[in-house]
Amino acid sequence: MKALKCGALVLGLLAGACNGSPSPESGAEGEVGRIRVALSTPGPTYDVSAINIKVVNAYESCYYGEAIAEATVSLEEEALPADLIPPGGENHPFADALFVLPPGDYWVCATPQTDAGAPSSHCHTAEGYVSVFGGSTTETTLVSHCTGEPNGGLDVIAALNSPPVIDDLDIAESKFITTCEEATITVSASDPDGDDVWYEWYQISGPSWGALAPAGATATFSAPVAGNYELGVIAYDTWGYGTSLTFPIHVSLEEDCGGGGGGGGGGGGGDVCRSGTDGATGSAWVVCAADEDSAWVSADDQGYYHLDLICQELGYAGAGAFGGTCGSVCGYCEGTTSCERPGQRIFDGYGDCGVDELGRFICYTVQWECVN
């Protein structure tokens, strides 16, 4: 056998020697050699399709050192042999290259690359110091550590939570009040888990929206219009889990709440020039004339009016005739009129706008009569 006259450096898995037979892949004598054996299928390659292997002078940088030898080698189809892996390892992708070099010390760099030739975004450059000796081949394995696609942890805590329990509801002085009174409602609730409890009060139904004033576990309620009202309260725990309770309040009409009289009216609280708004729509009205048996009420400009409820608020049984005003306040299609200077009192039936959940209502420029 011919004596070996040079040194060689092998990166990866390779069988070969200096000045040996030409590589069937490279076609150049003594430049790159490979051997293939039946190995297992390699593991994940991420975005790597090849590895650039560069040899520079010892103590030079991978990034700035001038290449003495360099090759970009595709990944093998097989996995790295088990005898080149620490005990317990298997299925690692790899590439290898053989360089024939003068004896000496070198710094070797292996940079994983993508199909486009760019450095891998997952696998880092591996580098190391090697020595080449005459007449033999130095084989070294550099390991590029890849970040991969790490999993995250999930720790599930499942807690049980019970809703608050409403223990008591007190209405003082009574759930039966008049339009001149108010009810004070106090709720008491506890939580089986010991959580703090807070309350939300609300009105569900009634002939108009009453005055519901919540303050923690207590609320007051009053209403200007007689009728049956339904209120509710929700007791919430610190998790926002609630228990609700609904209850009725019955409001009856009281004609005189102790207020002073005005202008020229009297009975039923329908004082001349007394004004107010529709409890549901907020439309303004004014009393044009009144006595104990009836009252004349006009839209103060225009709007939507639940005429029966407004008459009950004024102390009458309900509404009678109604009609338009042609834009006149306390008048009928005439010049400047008001509750202090009323005009014609004519009810032509104009302005009927139907019925809703609060009863019949009229709309726009209208006037009506309240009767007992």
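This is a predicted model: local features need pLDDT of at least 70, side-chain atom pairs count only at pLDDT 80 or more; totals for chains, interfaces and linings use all residues.
## The link of Cys288 and Cys330

The link of Cys288 and Cys330 is left-handed, with -85° about the S-S bond. Cys288 belongs to strand β17, which covers residues 284–290, while Cys330 sits in the loop between β20 (318–324) and β21 (352–356), so this pair ties together parts that are 42 residues apart in sequence. The sulfur atoms of Cys288 and Cys330 are 1.9 Å apart, and both of these cysteines are buried.

A disulfide is a covalent bond between the sulfur atoms of two cysteines. The structure holds seven disulfides, including the one formed by Cys288 and Cys330.

## The link of Cys311 and Cys370

Another disulfide is formed by Cys311 and Cys370, whose sulfur atoms are 1.9 Å apart, and with -80° about the S-S bond this link is left-handed. Because Cys311 lies in helix α1 (residues 307–313) and Cys370 in strand β23 (residues 366–371), the pair ties together parts that are 59 residues apart in sequence.

## The link of Cys326 and Cys333

Cys326 and Cys333 are also joined by a disulfide, with a distance of 1.7 Å from S to S. The torsion about the S-S bond of Cys326 and Cys333 is about 45°, and therefore this disulfide is right-handed.

Strand β22, which covers residues 359–364, pairs with strand β19 (residues 303–305) in the antiparallel sense, and three bridges are found between them. Within this pairing, Tyr305 stands opposite Ile362 in β22.

Strand β22 is also joined to β21 by three bridges, and these two strands run antiparallel. What do β21 and β22 form together? They form a hairpin, with two residues between the strands, and Asp356 has Gly359 in β22 as its bridge partner. Strand β21 (352–356) has a further place in this account, since the loop that holds Cys330 lies between β20 and β21.

Key. Residues are numbered from 1 along each chain as its sequence is written. Side-chain values use heavy atoms; hydrogens and water are left out. A disulfide is a pair of cysteine sulfur atoms within 2.5 Å. Helices (H or I, at least four residues) and strands (E, at least two) are DSSP runs, numbered from the N terminus. Buried means under 20% relative accessible area, exposed over 50%, partly exposed in between (1.4 Å probe, protein chains only). Two strands pair if DSSP finds at least two bridges between them.
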